[in-house]
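Here is a quick tour of how the chains in this model hold on to each other and to themselves. Have the viewer open as you read.

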Number of protein chains: 2
Amino acid sequence: MDRDRILLTPGPLTTTLRTKLAMLRDWGSWDADFNAVTARLRRSLLAVVHGEDTHAVVPLQGSGTFSVEAAVATVVPRDGHVLVLDNGAYCKRAAKLTQMMGRRCTVLPFDEAAPVSPAALDDKLATDGSITHVVLIHCETGAGVLNPLQAVAQVCEKRGKGLIVDAMSSFGALPIDARAVRFDALVAASGKCLEGVPGMGFVFLRKAILDGCAGQSQSLAMDLHDQYVYMEKTGQWRFTPPTHVVVALAEAVVQFEEEGGQPARLARYTRNYQTLVDGMARLGFIPFLDPSVQAPIIVTFHAPGDPRYEFKAFYAAARQHGFILYPGKLTEIDTFRVGCIGAIGPGEIEQAVHAVELALQDLGIASGEPAI
Amino acid sequence: MDRDRILLTPGPLTTTLRTKLAMLRDWGSWDADFNAVTARLRRSLLAVVHGEDTHAVVPLQGSGTFSVEAAVATVVPRDGHVLVLDNGAYCKRAAKLTQMMGRRCTVLPFDEAAPVSPAALDDKLATDGSITHVVLIHCETGAGVLNPLQAVAQVCEKRGKGLIVDAMSSFGALPIDARAVRFDALVAASGKCLEGVPGMGFVFLRKAILDGCAGQSQSLAMDLHDQYVYMEKTGQWRFTPPTHVVVALAEAVVQFEEEGGQPARLARYTRNYQTLVDGMARLGFIPFLDPSVQAPIIVTFHAPGDPRYEFKAFYAAARQHGFILYPGKLTEIDTFRVGCIGAIGPGEIEQAVHAVELALQDLGIASGEPAI
């Protein structure tokens with residue numbers, strides 16, 4: 001049967017029909033109706049982080065990585081020096097784009113199975129005074145680790161350094177309070193925990209630093225200061241917005257608010273996460289991370305030790321049973337990932353676990369138990 | 001009544017319901033089904049320019065401007081020298097993004113009411129040997145001028161210069177034959193004459209220069225060479241694709257092919273254009289451009305000379321009658337623009353002219369005749 005499969009991926013993810021139905025209309029990007037959608041969306045996004053007094057939010061076309069690159073380009077001066085706290089693949093990507101655009105960049109490496117260390121950051125900042133900005137990935141989707149945003153922000157504030165946070169996979173689900181956590185830029189995207197469709201990102205910029213960002217970007221398309229100034233003046237995007245993606249996100253945010261906002265979303269994802277790890281444990285699977293450092297966003301599981309296991313075949317079998325899994329992103333260890341996010345609840349997760357059980361049977365694998 | 005208005009704008013534009021309905025499904029960006037959509041779309045796009053033997057096509061997230069910036073960043077070496085043939089607002093934007101990314105850039109200015117001159121280009125290239133690449137906007141949407149792509153390409157080939165073409169608003173409607181016209185990069189986007197929704201661009205890159213593009217981009221997100229290599233290897237996009245925009249474009253391209261491809265689309269847009277200028281002439285309106293240099297994509301009209309005319313009120317009145325017009329983009333002269341593109345035919349254009357007539361009546365304006 002050609003039914004839609006449930007996506008257990010960290011975005012794009014499964015969205016509601018109501019969100020998708022919002023795309024059944026064409027909008028003039030210059031029109032007041034569309035400007036009103038943009039304005040309402042920006043107000044709602046600011047409210048999620050309680051940033052109304054301290055921050056402005058600037059949407060940007062493209063995937064989340066475009067917004068991360070834009071945030072670094074806009075916030076860090078040409079002669080700035082960025083320190084990337086690295087405990088995974090998305091940290092490495094942030095470092096790479098920083099280096100490519102010509103900003104000086106230093107990487108502080110950490111174990112990918114554990115959060116980054118605010119104490120180590122403090123030491124590093126004490127010994128290298130040339131560092132101007134710190135980049136933190138809030139939830140490292142590579143393994144699924146939750147990093148200590150508040151503690152890192154405190155160190156940065158104490159040391160007088162700017163902080164750029166990639167909150168791509170945490171925004172909307174994990175609490176972020178701009179009144180209590182000082183950041184210069186925080187980046188997220190439409191197709192993650194807000195459960196919109198992919199195609200745009202958005203960046204919260206601290207008002208106190210905004211004026212100083214003028215002219216810093218070496219990219220016209222990614223100049224968030226220019227986008228901000230133009231949007232404030234005209235209500236419009238500088239360049240053609242992905243209109244259907246924008247209205248879908250606006251519709252998704254209405255449902256987010258109706259559900260009860262971030263606390264309700266976190267509660268649902270936490271139930272999804274618990275249902276997942278409990279069910280997978282019954283099948284013998286073991287998560288890669290210690291539960292104490294695991295965000296309820298995406299879970300990395302060790303691959304089964306059975307020699308008949310091969311990810312592509314396992315993926316295809318689970319897919320046949322209606323669920324889309326996600327490959328692992330660790331370099332050393334064979335893993336796969338299962339997302340807990342999207343317009344799904346514990347019922348779908350329970351079915352997903354059953355699909356994994358059937359997939360193992362299809363491959364003749366008795367247990368998900370890893371080799372280690 | 002809350003009915004959809006017809007967009008007479010140069011993208012986003014009115015799309016078919018069939019195109020929009022393709023967005024009612026969520027796709028895993030890692031899944032084979034989605035990779036097949038991307039692959040089929042890329043094959044279809046290459047066929048539009050007959051580029052199967054000579055070019056590769058690389059899709060990119062974001063608006064068309066992102067793809068223009070990516071094309072310059074990818075194709076032009078860091079020490080390259082770009083000459084922008086400037087007869088309008090989009091030329092100036094291309095020059096600006098080239099300068100911002102740190103490439104040397106020279107602007108060759110032309111009248112915005114006329115095409116750029118291949119002879120003047122030839123003279124310029126003869127006197128300045130440091131120029132490595134030329135940027136041409138095929139159809140300058142600022143005024144609506146059609147520029148001489150083939151003649152410019154011949155000059156570039158004769159002089160051994162690279163050519164980057166922004167074919168944003170012409171691609172799919174005006175003929176472009178990669179077998180007869182040599183270009184290094186040609187840029188277009190989803191939400192224009194292919195009648196998809198906005199949110200992605202795509203760039204045709206000449207295979208002969210592709211390998212030499214490695215490492216030239218100073219932007220990770222906009223590195224088309226990297227995107228190309230990754231896509232050839234995996235079938236996937238490097239970073240989260242705008243899945244719904246991609247499937248909508250794929251569906252729009254199927255309809256494009258069913259309609260009869262570029263010749264049929266040009267024929268329909270030409271009928272739209274003729275219906276528009278004939279009808280507007282009956283109301284006293286005069287186009288800004290001489291018909292001989294006018295592309296049948298978007299028409300700039302002189303504003304009416306009547307002192308009661310004011311664009312915002314005129315726009316609002318036409319909108320009330322169901323049609324979305326577009327503001328002018330000329331700096332010196334008061335104009336407005338009307339698009340001929342999108343999933344509309346002469347019937348809709350005839351109604352649009354009638355809506356303009358009613359809008360004039362609403363404002364108490366007797367004729368569209370300009371002051372000049």
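This is a predicted model: local features need pLDDT of at least 70, side-chain atom pairs count only at pLDDT 80 or more; totals for chains, interfaces and linings use all residues.

B:R265 sits in helix α10 (residues 261-282) of chain B and B:E195 in the loop between β9 (185-189) and β10 (200-206), so the bridge ties together parts that are 70 residues apart in sequence. Both B:R265 and B:E195 are buried.

Chain A has its own example, a salt bridge of 2.6 Å (N to O) between the side chains of A:R18 and A:E251. Here helix α1 (residues 17-21) supplies A:R18 and helix α9 (residues 243-259) supplies A:E251, so parts 233 residues apart in sequence are tied together. A:R18 is partly exposed at 35% relative accessible area, and A:E251 is partly exposed too, at 22%. Over all chains, the count comes to 40 salt bridges.

## Where the two chains meet

How much area do chain B and chain A bury between them? About 4,900 Å², with 63% of it on carbon and sulfur atoms. Each side puts in 60 residues: 60 from chain B and 60 from chain A. Ten salt bridges run between the two chains, and 20 residue pairs are in polar contact across the interface. On the chain B side, the elements giving two or more residues include α1 (17-21), β2 (55-61), α3 (64-75) and α9 (243-259). The top contributor there is α4(B), with four residues. By type, the chain B side splits into 27 nonpolar, 16 polar and 17 charged residues.

Another salt bridge pairs A:D33 with B:R5, the closest N and O atoms being 3.9 Å apart. A:D33 is in helix α2 (residues 32-48) of chain A and B:R5 is in the segment before β1 (6-7) of chain B, so this pair joins two chains. A:D33 counts as partly exposed at 31% relative accessibility, and B:R5 is partly exposed at 23%. There is also a network of salt bridges that links A:R5, A:R319, B:D31 and B:D33.

## Helix α11 of chain A

A:R319 turns up again in α11 (residues 311-320) of chain A, where the buried residues are A:F311, A:F314, A:Y315, A:A317, A:A318 and A:R319. What covers them includes β12 (323-324), β13 (326-327), β14 (335-339) and α12 (346-362) of chain A, along with α2 (32-48) of chain B. Just after the helix, A:G322 takes a positive phi of about 105 degrees.

## A buried asparagine

A:N147 is in the loop between β7 (145-146) and α6 (149-159) of chain A. Is A:N147 buried or exposed? At 4% relative accessibility, A:N147 counts as buried. Leaving out residues up to four places away in sequence, A:N147 touches A:N87, A:P115, A:V116, A:L136, A:I137, A:H138 and A:E140. With A:N87 there is a side-chain polar contact of 3.1 Å.

For A:C105, the nearest cysteine sulfur belongs to A:C91, 11 Å away. A:C105 counts as buried at 16% relative accessibility. A:C156 is in no disulfide either, and the nearest cysteine sulfur, that of A:C91, is 14 Å away. A:C156 is buried as well, with a relative accessible area of 1%.

Methods: Residues are numbered from 1 along each chain as its sequence is written. Chains are lettered from A and ligands numbered from 1 in the order in which they are written. Side-chain values use heavy atoms; hydrogens and water are left out. Buried means under 20% relative accessible area, exposed over 50%, partly exposed in between (1.4 Å probe, protein chains only). Contact means heavy atoms within 4.5 Å. A polar contact is a pair of N or O atoms within 3.5 Å; within protein, one must be able to donate a hydrogen and the other to accept it, and residues adjacent in sequence count only if both atoms are side-chain atoms. Buried area is the accessible area (1.4 Å probe) that two parts lose on being put together, summed over both. A salt bridge is a side-chain nitrogen of Lys or Arg within 4 Å of a carboxyl oxygen of Asp or Glu. Ala, Val, Leu, Ile, Met, Phe, Trp, Tyr, Cys and Pro count as nonpolar, Asp, Glu, Lys and Arg as charged, and the others, Gly among them, as polar. A disulfide is a pair of cysteine sulfur atoms within 2.5 Å.
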